[in-house]
Amino acid sequence: MVDVGTKPITERIAIAGGVVRMERATLRAVIAGNTPKGDVLAVARVAGIQAAKRTWELIPMCHQLQLSSVKVELSAVAAGIAIEATVRCVDRTGVEMEALTAVSVAALTLYDMLKAIDRAIVIDDVKLLEKRGGKSGDYAAARRRSAPVTKATSARPSSRKSTRAAK
């Protein structure tokens, strides 16, 4: 574990995003609240928040942080459900892992709650979108690297086979 004892205490903010791709019929069922396991968006939101708070228990070298805010937003997009997590703290180390964990666990929760009606669900494009604070400064290059998750348009990833040689 890295010694952060000499680092200054500053406000740290991280935003991560991802998308859970699903069949259009599955998305319609989610929006209508007509799924076998209940309100999947509410459960996924709570799971993401809970995961951010427990990241230090899941990722071996993460520090335990006093989080001041965790927001997990889920929204319907053409491809499925976009997830964005914003995590804040005032501490000696950043909250990127907490934001990424929140998105990942929210996505896994959606998968778990919807797998009975859609076996082809894909968790995709989980990434750090932005971070602020700390010695390394601000980072927002991920937003420029590709389109934001809210711009997703296809219901399924490409069916093209990889050109990489099999090992």
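Biologist: Is Thr-55 buried or exposed in this model, and at what relative accessibility?

Modeller: The model is a predicted one, and in it Thr-55 lies in helix 3, which covers residues 55–58. A residue counts as buried when its relative accessible area is under 20%. Thr-55 therefore counts as buried, with a relative accessibility of 0%.

Biologist: Which residues of helix 4 are buried?

Modeller: Helix 4 takes in residues 96–114, and at 1.5 Å a residue its 19 residues should span 27 Å, which agrees with the 27 Å between its end C-alpha atoms. In an α-helix there are 3.6 residues a turn, so residues three or four places apart point the same way. The buried residues of helix 4 are Glu-98, Ala-99, Thr-101, Ala-102, Val-103, Ala-106, Ala-107, Thr-109, Leu-110, Met-113 and Leu-114.

Biologist: In what order do the elements of the chain run from the N terminus on?

Modeller: The secondary structure of the chain comes to five helices and four strands. Read from the N terminus on, these elements run in the order β-α-α-α-β-β-α-β-α.

Biologist: How many residues apart in sequence are the parts that Glu-11 and Arg-88 tie together?

Modeller: Side chains of opposite charge can pair when their charged atoms come close. The side chains of Glu-11 and Arg-88 meet in a salt bridge, with 3.5 Å from N to O. Glu-11 belongs to strand 1 (residues 10–21) and Arg-88 to strand 3 (residues 80–91), so the parts tied together by this pair are 77 residues apart in sequence.

Biologist: Where do Asp-124 and Arg-21 lie, and how many residues apart in sequence are the parts that they tie together?

Modeller: The side chains of Asp-124 and Arg-21 meet in a salt bridge at 2.7 Å, N to O. Asp-124 lies in strand 4 (residues 122–132) and Arg-21 in strand 1, so the parts that this pair ties together are separated in sequence by 103 residues.

Biologist: What is the N to O distance in the salt bridge of Arg-132 and Glu-130?

Modeller: In this pair, Arg-132 is partly exposed at 31% relative accessibility, whereas Glu-130 counts as buried at 17%. Their side chains meet in a salt bridge, and the distance from N to O is 2.9 Å.

Biologist: Which residues are linked in a network of salt bridges?

Modeller: The structure holds seven salt bridges, and the pair of Arg-132 and Glu-130 is one of the places where side chains meet in this way. The residues linked in a network of salt bridges are Lys-37, Asp-112 and Lys-115.

Biologist: What percentage of the residues of the chain count as buried?

Modeller: The accessible surface of the chain comes to about 9800 Å², and 54% of that surface belongs to carbon and sulfur atoms. The chain has 167 residues, and the part of them that counts as buried is 40%.

Note on methods: Residues numbered from 1 in each chain as written. Predicted model: local features only at pLDDT ≥ 70, side-chain atom pairs only at ≥ 80, totals over all residues. Heavy atoms only, no water. Salt bridge = Lys/Arg side-chain N within 4 Å of Asp/Glu carboxyl O. Helix = DSSP H or I, 4+ residues; strand = E, 2+ residues; numbered from the N terminus. Buried < 20%, exposed > 50% of the residue type's maximum accessible area, 1.4 Å probe, protein only. Expected span 1.5 Å × (residues − 1). Areas by Shrake-Rupley, 256 points an atom, 1.4 Å probe, with all protein chains shown as cover.
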